[in-house]
Amino acid sequence: MRQMPAARPAGARPPEPSAEAPRPPGRVMSPRDSLLLRARHEVLHFDVPPYLSVDNGTQLDQLARGVVYRTVYGQRAVEYPGALVRIDQCLEAGEKARVTARLPMKMMIVDRERAVLAVAADVALRPGTAVVITHGPLLDGLIELFERVWAESVPLDPAGAVVDAQEGELNPEEARLLALLLSGLTDDAVARHLGIARRTVVRRARSLMDRAGVATRMQLGWHAARRGWIEVPG
């Protein structure tokens, strides 16, 4: 998980230390990780750079304990160097993930009881300040914001992106490619994540467009939704 320094304004309550939260051996826990370890049921997450750390150990620990994670990744988060490897680890551990072009802030909501959030910075590795919200209409509004963004975002997990495609229409590699293309990534970013050449991405995308009988990638997205190749947000 990503660490960020917490600078809270007057009236904002800091995360309380939990005597019941297990501390993974050999890992230095940040205040944010300590808050995550309080999660009993669910974590809602807006993931966007910059990061002080790209360690996702705390999230993997929580997923193994049965905590549900729903994460919306900003496009810059998915394009971040090495991001898809870490995302794949979380997906395999049970995370539910979607991607959208832009997120307004870093945010994590734990058990719908408290949220930690930070304004996204435009310059990499310069994190913004963070506050903890514990109750009241602001927390309710943040939960509603998450649900609305989630409903409008594109599924990132290939297993979730292909729902009712006819047998044999898409293989797992094509499903993954389609999910990445429709998430808004550039061809270069898709190629880097899949470990293939950019020209291979273009060729495989062209093959999907030919199969769908369309001329543009926008039309491909429409066809994929109509044929049930992808889950339609909202």
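**A guided reading of the predicted model**

At 4% relative accessibility, His-223 counts as buried, because buried means under 20% relative accessible area. This residue belongs to a predicted model, and His-223 is found in helix α10, which covers residues 217–226. Once its neighbours within four places in sequence are set aside, His-223 is in contact with Ala-212, Val-214 and Trp-229.

From this single residue we may turn to the whole chain. The secondary structure of the protein chain comes to ten helices and seven strands. Of the 234 residues in the protein chain, buried residues make up 48%. Contacts can also be sorted by how far apart the two residues stand in the sequence. Among the contacts in the protein chain with a separation of 6 or more, 72% are accounted for by residues 24 or more positions apart.

The strands may be approached through β3, residues 96–100. Four of the five residues of strand β3 are buried, so this strand is largely enclosed by the rest of the structure. Strand β2, residues 68–74, runs parallel to β3 and is joined to it by five bridges. Within this pairing, Thr-71 has Ala-97 in β3 as its bridge partner. Strand β7, residues 154–155, also pairs with β3, but in the antiparallel sense and over two bridges. Here the bridge partner of Val-99 is Val-154 in β7. As a general point, the side chains in a regular strand alternate between the two faces of the sheet.

The aromatic residues come next. A search of the whole structure finds two aromatic pairs. Phe-146 and Trp-150 form a stacked pair, with 6.0 Å from centre to centre and 20° between the planes. Both residues lie in helix α5 (residues 137–152), where they are four residues apart, about one turn of the helix. Phe-146 counts as buried at 0% relative accessibility, and Trp-150 counts as buried at 11%. Ring pairs link Phe-46, Phe-146 and Trp-150 into a cluster.

The axes of helix α7 (residues 172–182) and helix α9 (residues 198–212) come within 11 Å and cross at roughly 95°. These two helices, α7 and α9, are therefore roughly perpendicular to each other. Where they meet, α7 contributes Glu-174, Leu-177, Leu-178 and Leu-181, while α9 contributes Val-201, Arg-204, Ala-205, Leu-208 and Arg-211. In helix α2, residues 57–64, the buried residues include Gly-57, Thr-58 and Gln-59, together with Gln-62 and Leu-63. Just after α2, Gly-66 takes a positive phi of about 100°.

That angle leads to the backbone elsewhere. Most residues other than glycine have a negative phi. Which phi does Asp-111 have, positive or negative? Although Asp-111 is not a glycine, its phi is positive, at about 55°. Asp-111 has its place in the loop between β4 (105–110) and β5 (114–119). Arg-112 lies in the loop between β4 and β5 as well, and it has a positive phi of about 60° although it is not a glycine. In accessibility, Asp-111 is buried, with a relative accessible area of 11%, whereas Arg-112 is partly exposed, with a relative accessible area of 36%.

Notes. Residues are numbered from 1 along each chain as its sequence is written. This is a predicted model: local features need pLDDT of at least 70, side-chain atom pairs count only at pLDDT 80 or more; totals for chains, interfaces and linings use all residues. Side-chain values use heavy atoms; hydrogens and water are left out. Buried means under 20% relative accessible area, exposed over 50%, partly exposed in between (1.4 Å probe, protein chains only). Two strands pair if DSSP finds at least two bridges between them. Rings of Phe, Tyr and Trp (its six-membered ring) pair if their centres lie within 6.5 Å; planes under 30 degrees apart count as stacked, over 60 as edge-to-face and the rest as tilted. Contact means heavy atoms within 4.5 Å. Axes are lines fitted to C-alpha atoms, for helices over the stretch in contact, and angles run from 0 to 180 degrees between N-to-C directions. Angles under 35 degrees count as roughly parallel, over 145 as roughly antiparallel, 65 to 115 as roughly perpendicular and the rest as oblique.
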